[in-house]
2 protein chains.
Amino acid sequence: MAIKNAFYAQSGGVTAVINASACGVIQTARKHPDKIGKVFAGRNGIIGALREELIDTSLESDEAIQALIHTPGGAFGSCRHKLKNISENPREYERLIEVFRAHDIGYFFYNGGGDSQDTAYKVSQLADRMGYPITCIGIPKTVDNDLPFTDCCPGFGSVAKYIATSTLEASLDIRSMCESSTKVFILEVMGRHAGWIAAAGGLAGQGEGEPPHIILFPEVPFNRDAFLARVDRCVKDYGYCVVVASEGAQYEDGRFLADAGVKDAFGHTQLGGVAPALANMVKQALGYKYHWAVADYLQRAARHIASATDVEQAYAVGQAAVEMAIAGKQAKMPTIVREQSSPYRWSIGEANLSEVANQEKKMPIHFIRDDGFGITSECREYLQPLIAGESFPPFENGLPKVAKLLNQLVPKKLKTEFEI
Amino acid sequence: MAIKNAFYAQSGGVTAVINASACGVIQTARKHPDKIGKVFAGRNGIIGALREELIDTSLESDEAIQALIHTPGGAFGSCRHKLKNISENPREYERLIEVFRAHDIGYFFYNGGGDSQDTAYKVSQLADRMGYPITCIGIPKTVDNDLPFTDCCPGFGSVAKYIATSTLEASLDIRSMCESSTKVFILEVMGRHAGWIAAAGGLAGQGEGEPPHIILFPEVPFNRDAFLARVDRCVKDYGYCVVVASEGAQYEDGRFLADAGVKDAFGHTQLGGVAPALANMVKQALGYKYHWAVADYLQRAARHIASATDVEQAYAVGQAAVEMAIAGKQAKMPTIVREQSSPYRWSIGEANLSEVANQEKKMPIHFIRDDGFGITSECREYLQPLIAGESFPPFENGLPKVAKLLNQLVPKKLKTEFEI
């Protein structure tokens, strides 16, 4: 088989470890110069391919590529752009082929969540339907942990560790203050339709009365009266109440507790503001002094408190994607397979993109306690190994060091521009 | 001089390193059994003294006391209770004397911010006015960094490191997303009347176009039009805009951008919600997609990313307080003296509580850039050493280990209860 270049792109919301996957892809590709020529990274994801804005990663030093492993965010830029079906918008696919052909690209690696695996799958269909041979491998990534087939998603473990740590630390704070001041603390966390991240807050405590006292999952319809009664009970019994609330918490009828009224390119409602909404309820109904925090991007960017397990897995799926591609596999996604929980052992498996695309994995119902406000021991057993191990970045002048890339674009070969 | 017991209490908002000061006090006291008998910690600060709820720290193992150095929050409980002047409420002072006498307490160590140094000063006046001999030393602590005489306040350096790190990390995230998604990110930070914490966000970047692009200080009157024009300019020039906003940001007339309408025991307005207020302005005026985060307690509890300098200084002021007390000093507060900035050298000095009480140190005006939206190089030189060095806590099962104290109360000796 002739040597072909590879295209790699980051897609959707970035994470603390998506660059570790990029590192895995590029370092592994560099070990196979007989199969893979250059790795071109899409500037801002698939948009970079459409615009023929290809970053030449071969110009980056080994040190710069190695530094990706401790750099949060998406080093090449990500995007929220969803390809339509080929029948609806063939122009986008024709353009991709044009760009791939111009730059002799034979491998397509797409690093993202459910929407992105869908994109990767559609590109793989090019090979058949449009007669352009390209090997497509999806690389899993999402803090939401909602991809099917894989035991967990790279990116999630680090958010889980950040949220569990932050819940623990903030709980010690409010416990100190509750006698004469703040009695209720609410931490809003990400997780649109699946309560995985909120569940991770539950790792902060375990025994009777230990925080967090209440977790609000998207999977459990929100009941105002039950919530307020529980808050009141906790304050009376323990002196304070710590709440971890998913941004996706919603009423029985599906209305989000905090709907900002903005939708993104995929038609998803932009969420934010569950914590102040809950704080307001507490104030009006119970009158307790409260504090609230919204972690937002801080949680998914927090490379400084990344899980070592997560960093390893993120790297491993990048590496596996390249190995699968050069082994001739098509339309696959490497997965994390849990061999056992304690002591934790995992390996790399694979799933078909055709089956992965656009499926969401919710929390199993037996991971949520019967009262709906906490996690079960099975959930704890699932989550525990994912936050295990520390992988502190190097620091310089008191701040984490991050990769400095050249991000130099390959000269364009096509005459035409493409409007997104 | 006879051996006397000591009373130590934590006061006001707790920090990531106030327990390091407690560790300094207790370990140093244990080295002077010829002067100091037991160290009793007030359960929930001065309230513990009023209620005769004294924690016997002599029952804690050396290991447990050592673990305080990496445990956030207030291990003995803190409070927001301000003693009135002796002439206004002599009952509280009479009660304190009663409790101190009953438990043979000759040393009073009060660990807090401006309000707490005021309390410590008032207690020191007992010695003169009410004929009860007690040595009073204040121990500085406040994330707001607004105590006078000391170059910096223990607790601030760690918040500064957390905010600078979080700003850096979240900026890498939004930079990846801005081409097709979020263009404006707003991080709300603490600091009621002084912009020190907001300024620390400025350490995340330095060069032209590097985030944060806008810092909103309480010291600079908020101008909606200038703010929005700047946001728009940044998005057009750099593709995105990162804003670090102090919770104390206010209009020319003194109205806070986000006044939740709640006041604490000291009559201070409870703040929160600057970030969503700003996000709303951006959305309505410019229509950019935004994200916002409110760090709240997470920032001041974040022991996992504490500054090593801060941890050392917090310990040192605890140690110095005990050494000053046994040297016979009265109504003093140990301070941090900056010997030089680069390389950083500091030592311990002292200030008179009578002068410290109820003063707030604002940011020097030359620390704020002329345009009001950033920090100067002098500010950077001041802040840089305070975030230097890492002091990671030990971890267990993926989470920081924290001190487990017995917190056993000394049997009460007084017949009367005291209503706060």
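How much area is buried between domain 1 of chain A and domain 2 of chain A, and what percentage of it do carbon and sulfur atoms give? In this predicted model, the area buried between the two domains is about 1300 Å². Carbon and sulfur atoms give 58% of that area.

## Domains of chain A

The contact between them involves 16 residues of domain 1 of chain A and 13 residues of domain 2 of chain A. On the domain 1 side, the residues that lose the most area to domain 2 of chain A are Arg80(A), Asp115(A) and Ile305(A). Together these three account for 41% of what that side buries.

The rule finds 1 salt bridge across this domain interface. A salt bridge within chain A is formed by the side chains of Lys161(A) and Glu390(A), with an N to O distance of 2.7 Å.

## Interface between the chains

Chain B and chain A bury about 5800 Å² between them. Of this area, 61% is on carbon and sulfur atoms. The contact takes in 72 residues of chain B and 72 residues of chain A. In chain B, Glu169(B), Tyr297(B) and Leu298(B) lose the most area to chain A, and together they make up 12% of what that side buries.

Over all chains the count of salt bridges comes to 38, and 4 are found across the interface of chain B and chain A. One pair between the chains is Arg300(B) with Asp173(A), at 2.7 Å from N to O. Another salt bridge joins the side chains of Arg51(B) and Glu179(A), also with an N to O distance of 2.7 Å. Here Arg51(B) sits in the loop between helix H2 (46–50) and strand S3 (54–56) of chain B. Its partner Glu179(A) is in the loop between helix H6 (156–177) and strand S6 (184–189) of chain A.

## Packing of helices H1 and H11

Two packed helices are described by the angle between their axes and the distance between the axes. In chain A, the axes of helix H1 (residues 18–30) and helix H11 (residues 308–326) come within 7 Å and cross at roughly 40 degrees. The crossing of H1(A) and H11(A) is right-handed. Residues of H1(A) in the contact include Cys23(A), Gly24(A) and Thr28(A), and those of H11(A) include Ala314(A), Gly318(A) and Glu323(A). By class, this contact has 9 nonpolar, 6 polar and 1 charged residues.

In chain B, helix H1 (residues 18–30) and helix H11 (residues 308–326) pack at an angle of about 40 degrees, with axes 7 Å apart. H1(B) and H11(B) make a right-handed crossing. Among the contact residues are Ala20(B) and Val25(B) of H1(B), and Tyr315(B) and Val322(B) of H11(B). The classes here number 9 nonpolar, 6 polar and 1 charged residues.

## Backbone features

In chain A, the peptide bond from Ser342(A) to Pro343(A) is cis, with omega near -5 degrees. Pro343(A) lies in the loop between strand S12 (332–341) and strand S13 (344–352) of chain A. In chain B, Ser342(B) and Pro343(B) are joined by a cis peptide bond with omega about -5 degrees. Pro343(B) is in the loop between strand S12 (332–341) and strand S13 (344–352) of chain B.

Asn145(B), a residue other than glycine, has a positive phi near 55 degrees. Asn145(B) is placed in the loop between strand S5 (135–140) and helix H6 (156–177) of chain B.

Notes. Residues are numbered from 1 along each chain as its sequence is written. Chains are lettered from A and ligands numbered from 1 in the order in which they are written. This is a predicted model: local features need pLDDT of at least 70, side-chain atom pairs count only at pLDDT 80 or more; totals for chains, interfaces and linings use all residues. Side-chain values use heavy atoms; hydrogens and water are left out. Axes are lines fitted to C-alpha atoms, for helices over the stretch in contact, and angles run from 0 to 180 degrees between N-to-C directions. Helices (H or I, at least four residues) and strands (E, at least two) are DSSP runs, numbered from the N terminus. A crossing is left-handed if the near helix is turned anticlockwise from the far one by less than a right angle, and right-handed if clockwise. Contact means heavy atoms within 4.5 Å. Ala, Val, Leu, Ile, Met, Phe, Trp, Tyr, Cys and Pro count as nonpolar, Asp, Glu, Lys and Arg as charged, and the others, Gly among them, as polar. Buried area is the accessible area (1.4 Å probe) that two parts lose on being put together, summed over both.
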